[in-house]
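Subject: Structure handover

Hi,

Here is the structure I promised to pass on. Please open it and keep it in view while you read my notes.

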Amino acid sequence: MRTRNLGALTTSALGLGCMGMSEFYGPGDDAESIATIHRAVDLGLTLLDTADMYGPFTNERLVGRAIAGRRDEVVLATKFGIQREGGTRRINGSPQYVRQAVDASLERLGVEHIDLYYQHRVDPSVPIEETWGALSEVVAAGKVRHLGISEAAPATVRRAHAVHPVTAGQYEYSLWTRDPEDEILPLFRELGIGLVAYSPLGRGFLSGEITSPDQFAPGDFRAGNPRFQGENFRKNLDLVAEVRKLAEAKGVTPAQLALAWVLAQGDDVVPIPGTKRRGYLEQNVAALDVELTAEDLATIEKLSIGRDVAGDRYAEMGSLNR
């Protein structure tokens with residue numbers, strides 16, 4: 001398995017997003033999810049990504065069960081900052097909450113330290129310097145090895161980095177979400193921060209297997225996502241058709257082409273496609289063997305796939321990029 005560097009942290013070139021194993025994408029199957037994590041580790045994937053708010057809490061416990069006895073084989077990443085209580089959500093970046101959250105995650109995961117601990121969302125009511133001051137304390141205490149941030153504005157990243165080095169930033173990045181190219185990637189390369197690309201398959205849309213909103217199971221959050229609704233959905237199917245044509249010309253699946261494109265964006269970019277099934281995991285790993293030529297990349301660029309997407313990434317975009 002090839003490796004890449006996220007700042008000072010070395011991981012496999014491809015990671016595994018575990019969120020959908022517990023929530024957001026329809027019913028889960030814990031036994032198959034654990035088998036998928038085991039298969040990922042067997043294949044050499046080291047970076048496993050979870051968060052306390054997935055479930056909430058159940059995904060960390062699931063990942064903890066899966067890595068029991070194999071802790072030294074993985075780079076374990078989790079997140080804090082989004083509190084879910086009684087059907088509501090709030091962003092909490094207070095120093096007191098940082099200390100509580102990290103201890104709770106360690107217990108649920110059943111580990112002595114977290115390799116990469118992200119601030120999931122920035123709390124606008126707490127200066128980032130206060131949040132990151134507390135985070136630097138948990139690093140000093142040995143509870144966390146490296147710190148990350150997610151969906152933060154460039155100026156916020158710079159302020160956090162001044163308090164304690166930001167090892168990685170997690171942002172949505174794919175053929176249909178290219179926002180990080182504008183400011184985030186240049187900033188990260190200036191500061192030596194790695195980019196962890198979540199939803200590199202466009203929440204499954206770029207696989208070409210989603211052809212109707214009727215396919216979503218009850219509880220699948222994509223049914224309420226602007227890009228998967230009404231006219232936006234129909235327009236975005238045209239983009240997927242372009243991806244399919246390119247994939248067929250290369251003799252690969254649309255998902256593999258989409259992942260290969262993200263992988264081609266730099267050795268400091270690590271995509272973490274999520275799946276809860278071993279079959280899809282193995283297809284994703286095969287994307288590491290797909291080589292896109294300069295001509296392939298130029299063709300993709302001419303199509304401007306990522307600039308013509310219909311609909312926002314989230315129903316409430318105001319919670320991002322603070």
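In strand 2, which residue is the bridge partner of L6? L6 pairs with L9. One caution before going on: this is a predicted model.

Now the hairpin around that pair. Strand 1 covers residues 3-6 and strand 2 covers residues 9-12. The two run antiparallel and are joined by 4 bridges. Between the strands there are 2 residues. In this hairpin, G7 takes a positive phi near 55°.

Y171 has A197 in strand 11 as its bridge partner. In general, strands of a sheet pair through backbone hydrogen bonds.

Last, helix 6, which spans residues 184-191. Here I184, L185, L187 and F188 are buried. They cover an arc of only 160° around the axis, which puts them on the same side of helix 6. What covers these buried residues? The cover includes helix 5 (154-163) and strand 10 (168-172). Strand 11 (194-198) and strand 12 (269-271) are also part of the cover. Just after helix 6, G192 takes a positive phi of about 80°.

Best wishes

How values were computed
Residues are numbered from 1 along each chain as its sequence is written. This is a predicted model: local features need pLDDT of at least 70, side-chain atom pairs count only at pLDDT 80 or more; totals for chains, interfaces and linings use all residues. Side-chain values use heavy atoms; hydrogens and water are left out. Buried means under 20% relative accessible area, exposed over 50%, partly exposed in between (1.4 Å probe, protein chains only). The arc is that of the directions from the helix axis to the C-beta atoms. Contact means heavy atoms within 4.5 Å. Two strands pair if DSSP finds at least two bridges between them.
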